[in-house]
Amino acid sequence: MKDKLLKKSLFIGEAILTSYSQIFFTENKILASILVVVSFIDWWTGLSGLIAVLTAVGLSTVLEYSPVIAKQGLFSFNALLVGLGIGTYFLPSLEVLLLIIVGGTIAFFSTIVIMGLFAKYKLPFLSIPFLFGMWLMLLAFPSFSKIALNTEALYPSNMFFKLGGNTLVVIVDTLTTFFADTGFDTYFLSLGAIFFQFNILAGVLISIGLLIHSRVNFLLSLVGFFVAYWFYSFLGMYTGSLNYTYYGFNFILSAIAIGGYFLIPSKASFVWSLVLIPVLVVTTIGSDRLFASFELSAFSLPFNMIVIGVLYAFKIRYNQAKSPILTLIQQKNPETNAYLFDSHSAKEYAAFTIPIRLPFMGQWTVNQGHDGAYTHKFFFKYAWDFIIKDAISGKEFQGEGLLTSDYYCFDKPVIAPAMGTVVAVVNTIEDNEIGVANTLQNWGNTVVIQHDMYLFSKVSHLKKGSITVHIGDVVVEGQGIGKCGNSGRSPYPHLHFQLQSTSKIGDQTTFWPLFEYIVKDDNSSLNLVEKGIPKEGETIATISTVTLLQNAFKWNPGDEFELRIMKDAEKEVSYSIINEVDSYNQSYLHCLKTNAKLYYENNGKTFSSLNYLGSKRSALFYFYRSFYKVVLSDQTNLLIKTRFPVHHLYRFPLLTIQDFLVPLVLFLKGKYQLSYKETEQTFSPQNMELQSKIEGNKNRVLFSANSVVFKNKTIHIECKTSKNSKIKLKWENNLQ
């Protein structure tokens, strides 16, 4: 009973805390704690906000809504704003207490409705529920004869004297004098106004919390505000009006939202956040005059209008690969978002999230690529033709090449490039003789598979009668669907492959990169391409996997492991690791001793670390760096190269400097490399040796590891850090 009560209390406490920080698009506990303190500078305002949050959290619990979303504060941060607003406007009384609960309830149900509506378009609902709740309260106020307006905010010195005596009054007066007429006084007042605290102390405390949480957000808050401040002057408006209208927070939140949160921080996102400020200024001024006629404040309406409008415009762009890039996996911190995005070697294709792989097994050559010399032109330029060449002679056929059967690719299996539903099949067209092309039935025998609403793959020129699937069949990646042939407009056997946006055979192509394939370079070395566009003349292959590595890195939910570590011959320390799955169906390794988490993905071909959260002292952190990216293959000439997140390599002061410069330049580097050592056991090897290293700026080795993966799933790792510390790790499955 006590455990259950404690668990419930911790849940409510976290939901309350994140309701505060969620206003700045984060779940950072330090910032949240500062914001709670700020809200209680005026005790009644702070208490009103807390009661409203408790109301919303309580409703989400009673109605059994998602506890994960509740803990993130998404159900309750709008209720918090309504509660703060009511506490600011109205004097304490039992009647107002009831209004706070009603206001929190209105904000909660408005959140549920608007969240559902906006989810369809994958757009944030921001503070729209707060606007509805607050406007309703203010419009209803004249009818409440027992409720009086709160005038405490008009006399801040009295409030500070009650809170901290004459000392606090002197501190606040000193701050006010120091920042007077610099623009920073208005900046701090605007920050404080976000939490209905109209004083400079609140703004100073929030700015400190913002700086601790994110250097990018702090920088954007300054730039966004002062660009607006300058634009007010440019338009001939009195900048001092921001000291009593408090609309400056619209510019601060908008700059943070566009420049660092919903878009990956970059030069482009930074520019967009600045360009939109003048638009926001005009929107703010117009909204203020419009709502003044109803004796209402526009509050955060300008911020909501501009941010939601801009995000929608970005989401419907045809080319999602063009900067600025939308943040697809949100880490609640701009720097982390930027560093993880930069660590992807194919970050220019980040918007392409559905994995489409090669439609064949083994090693083939790109005979004609995008915008090819012969047929891949105009509407059909995003397509590939594949053939098989002899590794020694370089020829695509044996003998004279006069028969279709002379060609190495003829009659070879063609497979589904991804899971989907078969939507079109042609299987009755005769294969051509060599040198003859059937232009009347251009595509020949064809299979079209639907993978998403507007994403279809098409393989053409297949062998007559070889297609084994039918319309309506659900296929999985790698499943055989037919064989390479020479039907249609095909003078010699080859496989045509393209992506398109409809099910129609013969429709125009659409641009889409292919996922995880191997490219052979001029030295016959093999390199992994995580996402890319196979180029004409390249010899490429699908990933061939080995059971030993597949088993070693394949874990089920609930699997328990023991990770033992010994540093520089010191005493061995043991860490218990458990494999878990979160509410978003994302797998992660959880270190029970330190609460560190290693998020990963295993698609059967590759093991990829996605993110590491928590203590870097955990043995799990060394495991993460050793196996950041592993192709589950035994090809000894395979070399894995990719970027490594720099925030897991560097510390203060270098990382702090980099944090500030994230939107402009990433000067810190992290390069991960994994190679495979040739085994002496040709058949059924008992172990495999892997060598990994991470290099920083100027190719300085920051970490290296020699690992042996055994058939019984045990892994031995010998690591070396940049400080020449020698570390030994042993990974064991407790279920064995």
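**Ground rules.** I number residues from 1 along each chain as its sequence is written, and side-chain values use heavy atoms, with hydrogens and water left out. Since this model is predicted, I ask pLDDT of at least 70 for local features and 80 or more for side-chain atom pairs, while totals for chains, interfaces and linings use all residues.

**Cores.** I looked up the nonpolar cores, meaning buried Ala, Val, Leu, Ile, Met, Phe, Trp, Tyr and Cys residues joined through side-chain atoms within 4.5 Å. Buried is under 20% relative accessible area, exposed is over 50% and partly exposed lies in between, with a 1.4 Å probe and protein chains only. The largest core has 171 residues, and Phe-623 is among the members that touch the most others. Leaving out residues up to four places away in sequence, I find Phe-623 touching, among others, Phe-553, Trp-555, Leu-589 and Trp-731; contact here means heavy atoms within 4.5 Å.

**Helix 10.** I take helices (H or I, at least four residues) and strands (E, at least two) as DSSP runs numbered from the N terminus. Because 10 of its 14 residues are buried, helix 10 is largely enclosed by the rest of the structure. Its cover includes helix 2, helix 8, helix 9, helix 11 and helix 13. At the N-terminal end, Asn-199 is the cap, with a side-chain oxygen 3.3 Å from the backbone nitrogen of Leu-201.

**Helix 9.** I checked this one too: nine of the 10 residues of helix 9 are buried, so the rest of the structure largely encloses it.

**Rings.** I paired rings of Phe, Tyr and Trp (its six-membered ring) with centres within 6.5 Å, calling planes under 30 degrees apart stacked, over 60 edge-to-face and the rest tilted. That gives 67 aromatic pairs. One of them, Phe-25 with Tyr-261, is stacked at 5.0 Å centre to centre and 25° between the planes. The two partners are 236 residues apart, with Phe-25 in the loop between helix 1 and helix 2 and Tyr-261 in helix 13. Both are buried.

**Thr-327.** Last stop: Thr-327 sits in the loop between helix 15 and helix 16. Thr-327 counts as buried because its relative accessibility is 14%. Its contacts include Tyr-261 and Asn-337.

Terms used
A polar contact is a pair of N or O atoms within 3.5 Å; within protein, one must be able to donate a hydrogen and the other to accept it, and residues adjacent in sequence count only if both atoms are side-chain atoms.
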